[in-house]
Amino acid sequence: MAALSVNGTTHQVNVDPDTPLLWVLRETIGLTGTKYGCGIAQCGACTVHVDGIAMRSCSVPLSAVDGRKITTIEGLAQNGVLHKVQQAWLENDVPQCGYCQCGMIMAVAALLKDKPKPTDADIDANISNICRCGTFQQVRTAIHAAASA
Amino acid sequence: MNYMPKIDRRSFLVGTAAVGGGLSLGFAVPFGGDTALAQSGTPELNAWVVVRPDDTVVIRIARAEMGQGSQTGLAQLVAEELECDWSKVTTEIPTPGENVARKRVWGNFNSSGSRAIRESQEYVRKGGAVAREMLLQAAANQWSVPVSELAVAKGVITHKASNRSTTYGKVAEAAAKLEPPADVKLKDPKDWTIIGKPLKRLDTADKVTGKQKYSIDFTMPGMLCAAMKECPVFGGKIKSFDAAKITNMPGVKKVVQSGDAAVAVVADTWWQAKTALAALPIEWDEGPNAKASTASIAEWLKGGLDAEEAFVGNKSGDAKDAISKAVKKVEAVYAYPYQNHATMEPMNATALYTADKCEVWTSSQNAEAAFGATVQTSGLPANKCEVYNTLLGGGFGRRTRSDYVIHAVRVAKSMAGTPIKLINSREDDMTNGVYHPITQCKLTGAFDKDNNLTGMHMRISGQSILAYARPEAMEGGKDPATFQGLNPGGAEGAFGYSIPNLLIDHAMRNPHVPPWFWRGVNNNQNAIYLECFMDELAHAAGQDPLEFRRKLMTKHPKHLAVLNAVAEKVGWDKPAPQGMYRGLAQHMGYGSYVAAAAEISVTGGNKVKIHRIVAATDCGHAVNPAQIERQIAGSFVYGLSALFYGECTVKDGRIEQTNFDTYNSMRINEMPKVEVTIVPSGGFWGGVGEPTIFVAAPAVLNAFFAATGKRIRSFPLKNHNISFA
């Protein structure tokens with residue numbers, strides 16, 4: 001039995017400790033905003049924050065996050081107010097199919113915490129999520145918009 | 001009570017509209033089934049529009065939404081004629097079962113071939129117009145005034161003479177009881193106020209909060225999950241598997257064979273199912289293709305380049321004669337590989353089978369095809385089946401195939417009463433998918449002594465998609481789709497050059513790896529072959545690539561206009577900035593004319609930075625310029641990912657690439673600046689989701705030649721040690 005803190009709520013989960021955090025979130029806790037894309041930490045669709053750090057939850061076993069604070073896309077908005085990255089995404093009409101965007105938003109939110117005013121080079125170096133619809137042009141615009149919000 | 005589709009059964013919300021207490025207006029689309037409907041005299045109401053008492057307008061969108069934005073675009077078309085308040089528009093997705101029950105009142109559900117808007121624009125606009133007329137008539141009846149004295153804007157109806165006004169929501173119930181007008185006049189495009197506007201998408205809010213449910217997110221009480229393995233060699237079968245070895249593993253409920261080539265493990269969670277599946281001993285009968293390789297396939301296709309027998313797609317004059325008499329001859333051989341769609345959301349479907357009902361929750365580009373697969377696989381009559389489609393996590397053609405629905409229904413049928421969610425792992429998707437077809441192409445050009453192009457032969461050798469995917473669409477053994485963008489004329493994809501002696505033909509060679517429609521389809525390789533070779537010809541003639549093309553395009557003004565548009569925007573008449581090199585390409589497909597001009601720099605001979613790509617499209621009518629821009633930029637990411645990285649190779653009959661580590665996709669640091677020029681010339685409706693993808697790769701390849709003097713004729717570029725800078 002592991003105690004998992006997700007978006008401020010502690011969940012007692014009774015699954016194999018080798019189970020990737022992604023599948024614990026999706027199948028045990030029922031938070032499906034975190035997406036399965038590749039399972040090998042390549043695409044970033046499963047990005048969540050673990051103690052504030054962006055991590056690809058498909059490759060983090062449950063045993064590694066026992067007692068740590070996890071934030072998923074569902075916990076990014078605070079008190080009903082969208083996070084500035086979500087707001088910028090909305091205003092710049094970023095998503096196409098949208099499947100990768102929760103992971104993209106989580107990665108960008110972590111970047112902005114680290115670098116509040118990222119340059120294009122910072123974005124290039126830190127955001128490596130795959131988007132097959134190809135929203136990158138809007139993603140870049142929205143990151144700068146969020147940074148100046 | 002008006003008929004309403006049951007769309008949100010079992011809490012699976014596929015739309016935003018609650019049903020009840022409102023108006024639903026019917027409109028019959030001009031299909032065979034609807035003629036029967038009209039003849040039956042049944043006052044059938046409701047297809048496209050529901051107006052609720054609070055003035056909310058619900059627009060039903062039958063075509064699939066996979067990110068391409070046609071849900072919003074189609075709603076714009078309806079709203080334009082309806083004259084409703086755009087800020088009060090929501091959408092919902094009807095089901096294919098209801099469509100069949102209602103004699104296909106919503107027409108075609110298919111979103112592929114960039115057809116969602118262009119093939120339904122007329123009947124959905126009429127749906128909006130009919131609704132408007134009924135709402136106005138209801139107000140006129142209420143006030144006892146002629147309908148001609150009424151005006152409407154943003155859902156508010158006014159009668160100026162008596163200074164009265166009402167809203168759509170207030171008259172909706174009365175309007176629903178009226179006979180729909182037999183005919184309606186559509187607005188003149190010059191009067192459009194919603195069509196042509198860069199409106200925001202209607203489906204963004206839930207996509208930024210994680211609330212959007214894709215079918216992979218679906219759940220219901222008692223549901224179990226399944227992971228499945230198919231024979232890695234296409235055409236192979238299962239010989240045996242040892243279920244007893246895994247039945248004691250955590251969560252495992254059952255091991256089920258699906259068809260003769262797949263086995264699924266059913267467990268409490270998908271992770272448990274996948275883990276157990278990996279431990280399941282399976283023996284395969286790999287069948288006759290177990291020795292096929294990329295090299296053996298290439299060798300077979302190579303034979304087609306000079307084969308006697310070939311299907312002719314475009315012919316004028318005598319190309320072979322012109323080539324034999326040429327003063328100068330130019331020849332080149334190109335090759336294009338297999339590619340996987342790699343949608344971000346892997347294929348999945350949930351099925352619930354009972355003795356008298358089979359229901360499927362999935363994401364399909366063609367919910368009617370998924371429905372057909374459900375009916376056929378379940379063995380139940382159509383009126384006992386239903387498919388609930390939701391927004392797709394990417395489609396790109398892959399989700400027009402219903403294989404994953406068939407497998408889910410088979411597994412569910414073996415566990416009647418238990419809902420089964422089947423999810424392909426990324427590895428399953430990549431190795432047991434359907435692929436961009438493989439082809440080679442030999443092009444030969446003939447010049448006279450004055451460097452005039454007198455003839456050209458374009459011989460395509462390789463795979464036919466239709467022979468595998470839609471054999472009924474073959475024409476006497478020929479696959480007409482092979483010649484996308486190379487046709488002698490027509491509104492779909494006409495060849496844009498006049499060459500006095502021309503022959504374009506296809507020697508069909510169908511390897512065992514199954515081909516499928518893949519964003520852009522055969523236009524992808526056809527545009528590379530033709531547009532890179534046009535550059536080769538221009539170079540051989542010592543002429544500027546733009547001027548060389550222009551001389552051949554005088555009878556193709558729309559092709560020429562988009563080419564001129566990108567040339568002007570990129571500044572072709574002036575030298576490129578220091579260290580920059582340019583390339584051009586044009587093509588026509590899915591009813592639209594497209595062109596691109598790329599500006600790149602190359603360091604070390606192999607590190608490519610694409611600084612910008614200027615794109616132009618003439619899609620006739622541009623429904624939503626903001627979404628068109630996004631489709632163009634996005635199509636370039638898909639097309640350039642394919643150019644630089646995209647290849648599925650074959651070894652021992654199976655696909656070697658298993659995930660994004662071996663099948664890469666562009667990231668944001670590789671994204672060029674995309675500048676879009678939309679030049680809608682009006683009078684026709686062309687596609688948007690695909691067309692511009694064709695021109696990204698040849699424009700970059702031609703720029704690469706300008707920079708390095710090297711022609712790359714086989715793909716992807718990684719095989720030539722060429723990468724993004």
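In helix α7 (residues 294–304) of chain B, the buried residues are B:I297, B:L301 and B:G304. Seen down the axis of α7(B), these residues fall within an arc of 35°, so they line one face of the helix. The arc is taken from the directions that run from the helix axis to the C-beta atoms. B:A295, B:E299 and B:G303 are exposed on the other side of α7(B). A residue counts as buried with 20 or more other C-beta atoms within 10 Å of its own, as exposed with 12 or fewer, and as partly exposed in between, the C-beta atoms being placed from the backbone. An α-helix has 3.6 residues a turn, so residues three or four places apart point the same way.

The model is predicted: local features need pLDDT of at least 70 and side-chain atom pairs count only at pLDDT 80 or more, while totals for chains, interfaces and linings use all residues. Residues are numbered from 1 along each chain as its sequence is written, and chains are lettered from A and ligands numbered from 1 in the order in which they are written.

The buried residues of α7(B) pack against strands of chain B, namely β19 (439–447), β20 (453–462), β21 (501–508) and β25 (650–651). Contact here requires the C-beta atoms of two residues, placed from the backbone, to lie within 7 Å. Helices (H or I, at least four residues) and strands (E, at least two) are DSSP runs numbered from the N terminus.

**Helix pair in chain B**

The axes of α4(B) and helix α5 (residues 168–176) of chain B come within 8 Å and cross at roughly 90°. That makes α4(B) roughly perpendicular to α5(B), a class that covers 65 to 115 degrees; angles under 35 degrees count as roughly parallel, over 145 as roughly antiparallel, and the rest as oblique. The axes are lines fitted to C-alpha atoms, for helices over the stretch in contact, and the angles run from 0 to 180 degrees between N-to-C directions. From α4(B), B:M134, B:L135, B:Q137, B:A138, B:A139, B:N141 and B:Q142 meet B:Y168, B:V171, B:A172, B:A174 and B:A175 of α5(B). This contact has nine nonpolar, three polar and no charged residues. Ala, Val, Leu, Ile, Met, Phe, Trp, Tyr, Cys and Pro count as nonpolar, Asp, Glu, Lys and Arg as charged, and the others, Gly among them, as polar.

**Loop residues of chain B**

B:N108 sits in the loop between α3 (96–101) and α4 (121–143) of chain B. B:N108 is partly exposed, with 18 other C-beta atoms within 10 Å. Leaving aside residues up to four places away in sequence, B:N108 touches B:E119 and B:S120. The C-alpha atoms of B:N108 and B:R63 are separated by 7.2 Å, and the two residues are 45 residues apart along the chain.

Two non-glycine residues have positive phi: B:Y590, near 50°, and B:N721, about 60°. B:Y590 belongs to the loop between β22 (581–589) and β23 (592–603) of chain B and is buried, with 24 other C-beta atoms within 10 Å. B:N721 lies in the loop between α17 and β28 of chain B and is exposed, with 9 other C-beta atoms within 10 Å. B:P716 is in the loop between α17 (693–708) and β28 (723–724) of chain B. The peptide bond from B:F715 to B:P716 is cis, with omega near 5°.

**Domains and the chain contact**

The domain assignment, automatic or from a database, divides chain A into domain 1 (2–75) and domain 2 (84–147). Chain B is divided into domain 1 (9–203), domain 2 (215–287 + 347–423) and domain 3 (294–339 + 435–724).

| Domain pair | Distance between C-alpha centres |
|---|---|
| Domain 1 and domain 2 of chain A | 21 Å |
| Domain 1 and domain 3 of chain B | 40 Å |

In chain B, the contact takes 20 residues from domain 1 and 19 residues from domain 3. Helix α2 (residues 70–82) of chain B gives the largest share of the domain 1 side, four residues. By class, that side has six nonpolar, ten polar and four charged residues.

Between the chains, 45 residues of chain A are in contact with 45 residues of chain B. On the chain A side, α1 (21–29), α2 (84–91), α3 (101–114), α4 (120–126) and α5 (136–147) of chain A each supply at least two residues. α5(A) gives the most, with five residues. The residues of this side of chain A divide into 22 nonpolar, 16 polar and seven charged.
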